[in-house]
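Have the picture ready as you read.

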Amino acid sequence: MFDNLTPMNLENILASLTIMWQGLLAIFIVIGLIILAVQITIFSIKKIAQMKEDIEKKVEESDKY
């Protein structure tokens, strides 16, 4: 009855390896997406800070006249 559940059954090992590599691939994809989202956020924050700085400089220059 439980002959199929032996750990040394080649079919079970291959099925387990298939599930394992798919899971590892999914983990790496998710980590990559998280890294990408963080990098985009950092870039956006720097860009917004630079834009604010440029606007402040223009306002200061226009106040001089």
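Predicted model: local features only at pLDDT ≥ 70, side-chain atom pairs only at ≥ 80, totals over all residues.

The protein chain has 65 residues, and 2% of them are buried. Its secondary structure consists of 1 helix and 0 strands. The accessible surface of the chain is about 6400 Å², and carbon and sulfur atoms account for 71% of that area.

Now for the charges. Side chains of opposite charge can pair when their charged atoms come close. How many salt bridges are counted here? The count is 1 salt bridge. It joins the side chains of E53 and K57, at 4.0 Å from N to O. Both residues belong to helix α1, which covers residues 10-64. E53 and K57 are 4 residues apart, about one turn of the helix.

Are these side chains buried or exposed, or something in between? E53 counts as partly exposed because its relative accessibility is 38%, between the limits of 20% and 50%. K57, at 45%, is partly exposed too.

| Residue | Relative accessible area | Class |
|---|---|---|
| E53 | 38% | partly exposed |
| K57 | 45% | partly exposed |
| E61 | 48% | partly exposed |

Which residues form a negative surface patch? The patch is made of E56, E60, E61 and D63.

Methods:
Residues numbered from 1 in each chain as written. Heavy atoms only, no water. Helix = DSSP H or I, 4+ residues; strand = E, 2+ residues; numbered from the N terminus. Buried < 20%, exposed > 50% of the residue type's maximum accessible area, 1.4 Å probe, protein only. Patch = residues over 30% accessible without salt bridge, like charges linked within 9 Å, V, L, I, M, F, W, Y side chains within 5 Å. Areas by Shrake-Rupley, 256 points an atom, 1.4 Å probe, with all protein chains shown as cover. Lys, Arg positive; Asp, Glu negative; His and termini not counted. Charge placed at Lys NZ, Arg CZ, Asp CG, Glu CD.
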